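Look at the sequence and the structure first, then read on.

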Amino acid sequence: MTDYYYLIPIAIALGLTGLLAFIWSLGSGQYEDLDGAAERILHQEEDEPLS
Amino acid sequence: MSCCDTGLVVAAIAAGSGAIGEEIRLASRDAGGGLRQTDLSVPGVYCGACMATIERELSNLPGVEHARVNLSTKRVTVRWRGSEPVPAFIETLKGAGFDAHLFDVESSQGDPVFSELIKALAVSGFASSNIMLLSVSIWSGADAESRNLFHLLSAFIALPALAYSGCVFFRSAWRSLRHGRTNMDVPISIGVLLAFALSLYETVVRGPHAYFDAAISLLFFLLIGRTLDHMMRERARSAVTGLARLGARVARLAGDDGGHTFIPVAEVRPGMLLLVAAGDRVPVDATVKQGVSDIDVSIVSGESGPQAAEIGSLLRAGSLNLTGPLTVVANANASDSFLAEMVRLMEAAEQGRSAYRRIADRAAAMYAPVVHLTALAAFAGWWFATGDFHRAITIAIAVLIITCPCALGLAVPMVQVVASRRLFEAGVMVKDGGALEKLAEIDTVLLDKTGTLTAGDPQLVVRTGDQQALSIAAALASRSSHPYSRAIAQALVPDGALSLDGIIERPGLGLEARFGADVIKLGRPSWASQQDAAEESSVVLSRAGRIIATFDFHDRMRPGAEDAVGALTSEGLDVEIVSGDSEARVQRLGRLLGIDATAELMPSDKVARIIDLRAAGRKVLMVGDGLNDAPALAAAHASIAPSSAADVGRQAADVVFLQESLIAVPLAVRIARRSKRLVHENLMLAVAYNVIAVPVAVAGYVTPLVAAVAMSGSSILVVLNALRLSGIAGRASPKKETAQAVRLVEAAE
């Protein structure tokens, strides 16, 4: 029973971390061009997103 | 014709790229640090290699800091130093084999609604999965103490999720309630909020049942539908705004020294002296002051043959100057020009058309009162029968939760998302779901001729002439960009051994050259020769004043036109042609396609025809491309325009097709009709679900577990039914289209 007190916060904190990571990646434009990202990996040149 | 004209030609050609450069500068925005940012639409990008080529080519241009391709939206973002001359983006891309055009500053902004929806979706997804995890433990028989703890935890997760993700629905529901109407979001909001309030109360009093899972997973499901819906619409919208603009946005103001300066079209005032180079569109209604040329008015009036322009000719805004440079006097402001008149006609037509109510809203208007009355009746019945207030309110809320239109909320958008996607793959852009619904209802189709049924470029028909004469004509014609010349050069093979000297293009008249000792002329009959007999031909070839070949031209039919008309007729639709072109051309096409045709219609006549049909109870689909079609596109029940259409027409149309073939029109109609059937099936499914679920809820047997299973089950059923649409056939085979393209209007004659 006392296991709850640390297992549940851990579970929720992990989920929350994932959520925040997703919102951050959305905000930084990583989903702007999914098709392009799939192709760019095949090219050797230097590559940075246009901020 | 004097030597001065030649000088003007050279000046105009040199300034050709200047006009584009100036447009680019006007359309660019400040990116900070002295840099300007320009967004270009490049529809031809489809692979990684294209992407690398474009980025390399553009980065190598002087003045360019950075270029990046977005493959998903087929756009290129370029940052360049504003202090330097505008780099030749468009020309460079053209050299690399890509057509590019400018993007408006407004339309290249991001999409805030979409990222808001995605965030709301992520939050509700996170919350619903965690709450569901806790709920499963409760359903599997947690003891009372753990159950209360889990309910409390669920409440803590649900509250922020509801406040954040639920806002999408609450705002829309509130907006519609404030205007005294009801939409699908009203019952959704009421259901979710009541479920949350009841669960909160149950948690506080340590009751056995809480519906946090139902409330939040409902939001999650509905947000999925809404996000997909928005994504499809946005994709179609950005594909349509990415098309080339046909109107002029800068005008060349003639200077005293023979040069010119660029001014925005909006600043043109009547009486200003403007230059219109060959290849430019006329910016405002104007009168020719100096010069001779041929004018393509097909987009303005639907007339397919080029018109001659000479001193005193009246030009309408939007016409294309083909061969010679012109100096014109502006007759009107941009806001009083032909284009503006069309916009006014369009607005008038739109006011005549009653606002369309979407199926989902109509369903909600019927559904919401029934559900709410049932809940109220359940509450009154239980309270009266048992006197137990708490029990009565619990059952009433359970009725609302179980009937909360999850399936209904997904029933319509899911089908429309699948249908739009299916059409998108076939190159047909649907502006919104309402367009599909309207398209499914039409029973009459009006087709424009020039640019819609016909491809807009003339097709050569040789009338007379021997082999040598024809090869001379081909050699001569290959030097000009006049549509008739291009048609001749395309159809005939020049003889490489021929030597023609001193080829000159005489704007408005034709081409002239020396062949041995004789003067060869290819052009207007009255100019090329003194013989009267040739007047009925469009173009003749003369040698020393004697006609040696005559040519005539007909419109080339757009690929798939015959199949499209056939398919529309077999769908049971009445099809007719309404055109602004001459009687003879239109009637010939009508006979060929076996449908009624009306010619020489003014833009307002087309609208009048639609209003007549509407008065007779018909629902009209208008298909057209010209400026003259724009008011009719706005007046019709539904409208389709090809991607080559004038800008205003494209904006007025519900559907825009990007492919060349007209087969897109019956395809859109067929898919719209099929999706209407599926929407109805889905609505029936949702009703059937309620017919079973409501008595169970009213009887008081609904627990949170039953609610969760019933709601997910009905949603999944509706989504699966919608997915059946993606399986239907109807893609035109490319082989068939090519065969169609070769077929001429002439073939039947």
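## A buried helix

In helix α14 of chain B, the buried residues are Gly433(B), Ala435(B), Leu436(B), Glu437(B), Lys438(B), Leu439(B) and Ala440(B). A residue is buried if 20 or more other C-beta atoms, placed from the backbone, lie within 10 Å of its own C-beta atom. Seven of the nine residues of α14(B) (433-441) are buried, so this helix is largely enclosed by the rest of the structure. Helices (H or I, at least four residues) and strands (E, at least two) are DSSP runs, numbered from the N terminus.

The model is predicted: local features need pLDDT of at least 70 and side-chain atom pairs count only at pLDDT 80 or more, while totals for chains, interfaces and linings use all residues. Residues are numbered from 1 along each chain as its sequence is written, and chains are lettered from A and ligands numbered from 1 in the order in which they are written.

## The seven-stranded sheet

Chain B has an open sheet of seven strands with mixed pairing, in the order β15-β27-β26-β25-β16-β23-β24. Two strands pair if DSSP finds at least two bridges between them. At the edges stand β15 (428-430) and β24 (596-598) of chain B, each with a single partner strand, so one side of each has no neighbour in the sheet. Neighbouring strands are turned by 20° against each other on average, direction ignored. Axes are lines fitted to C-alpha atoms, for helices over the stretch in contact, and angles run from 0 to 180 degrees between N-to-C directions.

Within this sheet, β16 (444-447) and β23 (574-578) of chain B pair in the parallel sense over four bridges. Leu446(B) has Glu576(B) in β23(B) as its bridge partner. Helix α21 (603-615) of chain B packs on the sheet and touches β16, β23 and β25 (620-623) of chain B, its direction making about 160° with that of β25(B).

## A hairpin

Strands β1 (29-32) and β2 (35-41) of chain B run antiparallel and are joined by three bridges. Gly32(B) has Leu35(B) in β2(B) as its bridge partner. The two strands form a hairpin with two residues between them, and Gly33(B) in the turn has a positive phi of about 65°.

## Where chain B meets chain A

In chain B, 20 residues are in contact with 18 residues of chain A; contact means that the C-beta atoms of two residues, placed from the backbone, lie within 7 Å. Helix α4(B) gives the most to this side of chain B, with seven residues.

Methods
Buried ≥ 20, exposed ≤ 12 C-beta atoms within 10 Å, placed from the backbone.
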